[in-house]
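User: Hi! Could you walk me through this model? I have a few quick questions.

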Amino acid sequence: ITFIPQLVFFIAAGLKFGHRDLPFACFLITFVFVAFNKVITSQYFIWYLTLFPMAYISLHSIKPMKWIVMG
């Protein structure tokens, strides 16, 4: 039961971004894995930080007002 939210986010991120923007989808799925993991280690943060430069192009294209709404 505790893995259902993680699974839902995995599937949603894969379906929404997988075919359009693969680097961003990989970053997002890794971020969700780290966020929902019960054991937190620095290794997990390095996993998604290494994907961040590839996903930055997608994040950079988001308009400032949308960032405010998402926050």
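User: Where is the place of Thr 30?
Analyst: Thr 30 sits in helix H2, residues 22–36. Helices here are DSSP runs of H or I with at least four residues, and strands are E runs of at least two, numbered from the N terminus. Bear in mind that this is a predicted model, where local features need pLDDT of at least 70, side-chain atom pairs count only at pLDDT 80 or more, and totals for chains, interfaces and linings use all residues. Residues are numbered from 1 along each chain as its sequence is written, and side-chain values use heavy atoms, without hydrogens and water.

User: Is Thr 30 buried or exposed?
Analyst: Thr 30 counts as buried because its relative accessibility is 16%; the cut-offs are under 20% for buried and over 50% for exposed, with partly exposed in between (1.4 Å probe, protein chains only).

User: Which residues is Thr 30 in contact with, leaving aside neighbours within four places in sequence?
Analyst: Those are Trp 47, Tyr 48 and Leu 51, with contact meaning heavy atoms within 4.5 Å.

User: And what does the side chain of Thr 30 reach at 2.8 Å?
Analyst: That would be the backbone oxygen of Cys 26.

User: Where is confidence lowest?
Analyst: In helix H4 (residues 64–70), with a mean pLDDT of 64, while helix H1 (residues 4–17) is highest at 85. pLDDT is the predictor's confidence in each residue, from 0 to 100. Where it is low, the predicted coordinates should not be read in detail.

Conventions:
Polar contact = N/O pair within 3.5 Å; in protein donor to acceptor, adjacent residues only side chain to side chain.
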